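Please look over the model below before reading the points that follow. They cover domains, helix packing, the ligand shell and local backbone features.

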Amino acid sequence: MQHKISRDIFEQVMVPNYSPLPIIPVKGQGSKVWDQSGKEYIDFAGGIAVTALGHCHPTLTHALHQQVDKLWHLSNVYTNEPALELAKTLCDKTFADKVYFANSGAEANEAAFKLARKYAYDHDPLDDHSSDKNQIISCINSFHGRTLFTVSVGGQAKYCEGFKPIPAGITHVEFNNIKSLRDAISHKTCAVVLEPIQGEGGIITADPEFLKAARELCDQHSALLIYDEIQTGVGRTGKLFAYEHSGVTPDILTSAKALGGGFPIAAMLCTEAVAQSLNMGSHGSTYGGNPLGCAVANEVLHIIDTPQVLKGVQSKHQLFVEKLHLANQHYPLFKEIRGEGLLIGCELRPEYQGKARQLLQLALDEGVMVLIAGLNVIRLTPSLIIPDEEITQGMKHFEKAMESFIAHEVNQVNKNR
Ligand SMILES: Cc1ncc(COP(=O)(O)O)c(C=O)c1O
């Protein structure tokens with residue numbers, strides 16, 4: 001390395017769209033991470049639901065090394081073996097007949113939203129492409145990525161601030177409110193997009209009745225149902241994809257994050273009928289489906305889609321929730337502990353509103369990495385195969401952070417008296 005690398009370089013040379021924590025992690029193995037000073041952390045964050053098999057899983061590392069020595073890139077002028085294998089596996093394991101590969105969640109969603117509009121255009125009831133069936137309905141507080149289209153479809157207005165004009169034809173309804181969706185949907189709707197569990201929005205699970213109603217309303221109005229499973233997919237909830245829990249099947253599903261276990265790759269899955277609208281030349285990406293990402297993702301699916309790992313997700317959920325409730329009895333910070341599988345949210349009590357990041361910082365000081373989802377929710381998205389002993393160890397650190405948090409709060413109250 002040419003420069004001595006320290007955290008303050010961030011402010012000097014990086015655009016300020018992030019505010020990274022003060023340490024720089026340099027090494028990861030399984031569910032442990034070490035920073036530049038050698039301090040060890042237990043990783044309950046998993047790179048925001050990405051490193052689903054922990055850091056440097058030997059099978060993934062081996063697959064990547066093998067592919068690195070064989071073939072890196074060809075462009076989509078050619079197809080490649082790992083991409084074909086991955087697409088075939090995804091179709092075999094899901095409702096989907098066809099797959100499109102991208103590099104990030106936002107890009108997979110961008111493809112899904114463009115496809116929904118194109119499908120409506122191709123199936124124009126007036127047969128001359130003059131109908132205005134282009135409305136996309138999504139939910140308040142949803143998150144679908146940061147490109148201009150995906151951020152506009154996302155239901156958090158603050159992320160569109162300063163970027164107007166945003167694409168037209170987008171409506172937001174209340175999550176889990178069937179009436180709100182029924183009132184908004186019409187023959188002009190080309191798609192409804194839902195997260196089975198709102199992740200960035202605070203770990204809120206969709207009611208099965210809401211999902212069923214969304215499917216029925218989409219069918220009634222010839223609209224497509226899109227599931228954004230970028231955070232919930234690839235084993236996170238204890239099934240390969242969360243749609244399997246409710247029995248509601250979407251027409252399009254997007255996957256990213258855990259799919260590559262840390263290597264950037266995303267996929268949009270869809271039915272045969274819908275796929276035909278993404279015809280030759282209508283969409284594309286230089287790197288989407290590159291051999292490196294696909295080689296890793298093949299192994300990710302191979303390992304995660306096994307009863308051992310998926311059942312493990314359920315039992316590790318139980319262990320986390322038990323320990324969190326116990327810690328919360330000692331240090332009552334949370335009003336609710338919720339989520340499915342290893343997508344867990346702990347919402348702060350009203351008196352601690354807005355202080356989730358403070359708790360995250362204290363947890364880091366104690367040696368455990370956690371995440372937030374908004375200002376009031378601590379989010380845990382660890383590796384799906386985190387050993388139980390590391391859950392126990394990490395929870396000890398987290399409980400200490402909860403203790404420090406309360407001590408600090410009590411101090412503040414006393415000071416202000
Ligand atoms: C549900 C959901 N959709 C889309 C995205 C965007 O994915 P990416 O950051 O890979 O573009 C995210 C990322 O957090 C997400 O959680």
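1. The centres of domain 1 and domain 2, taken over C-alpha atoms, are separated by 28 Å. The assignment for the protein chain gives domain 1 as 9-57 + 307-415 and domain 2 as 71-304; such bounds come from an automatic or database domain assignment. The model is predicted, so local features need pLDDT of at least 70 and side-chain atom pairs count only at pLDDT 80 or more, while totals for chains, interfaces and linings use all residues. Residues are numbered from 1 along each chain as its sequence is written.

2. Between the domains, 25 residues of domain 1 are in contact with 21 residues of domain 2 (contact: C-beta atoms, placed from the backbone, within 7 Å). On the side of domain 1 that touches domain 2, the elements giving two or more residues are α2 (46-49), α12 (307-330), β13 (334-340), β14 (343-348) and β17 (377-380). Helices (H or I, at least four residues) and strands (E, at least two) are DSSP runs, numbered from the N terminus. By class, that side of domain 1 has 13 nonpolar, 8 polar and 4 charged residues. Here Ala, Val, Leu, Ile, Met, Phe, Trp, Tyr, Cys and Pro count as nonpolar, Asp, Glu, Lys and Arg as charged, and the others, Gly among them, as polar.

3. Helix α3 (residues 58-68) and α11 have axes that come within 9 Å and cross at roughly 150°, which makes α3 roughly antiparallel to α11. Axes are lines fitted to C-alpha atoms, for helices over the stretch in contact, and angles run from 0 to 180 degrees between N-to-C directions. Angles under 35 degrees count as roughly parallel, over 145 as roughly antiparallel, 65 to 115 as roughly perpendicular and the rest as oblique. The α3 side includes Leu 60, Ala 63 and Leu 64, and the α11 side includes Leu 292, Ala 295 and Val 296. This contact of α3 with α11 has 10 nonpolar, 2 polar and 1 charged residues.

4. Helix α4 (residues 81-93) also packs on helix α11 (residues 291-304), at an angle of about 35° and with the axes 8 Å apart. Among the residues making the contact are Pro 82 and Leu 86 of α4, and Cys 294 and Leu 301 of α11. The classes in the contact of α4 with α11 are 8 nonpolar, 2 polar and 1 charged.

5. For helix α13 (residues 356-366) and helix α14 (residues 388-415), the axes come within 8 Å and cross at roughly 130°, so α13 is oblique to α14. Contact residues include Leu 359 and Leu 362 of α13, and Phe 398 and Phe 405 of α14. The contact of α13 with α14 divides into 6 nonpolar, 3 polar and 2 charged residues.

6. Which residues are closest to the ligand? They are Ser 104, Gly 105, Ala 106, Ile 230 and Gln 231, in a shell of 15 residues (near: C-beta atom, placed from the backbone, within 6 Å). Helix α5 (residues 105-122) gives the largest share of that shell, 3 residues. The shell divides into 5 nonpolar, 7 polar and 3 charged residues.

7. Two backbone features deserve a check. The peptide bond from Lys 164 to Pro 165 is cis, with omega near 5°, and Pro 165 lies in the loop between α6 (148-153) and β6 (170-173). Ser 222, in the loop between α8 (208-220) and β10 (224-228), has a positive phi, near 50°. Most residues other than glycine have a negative phi, and most peptide bonds are trans.

Technical notes
Contact = placed C-beta atoms within 7 Å.
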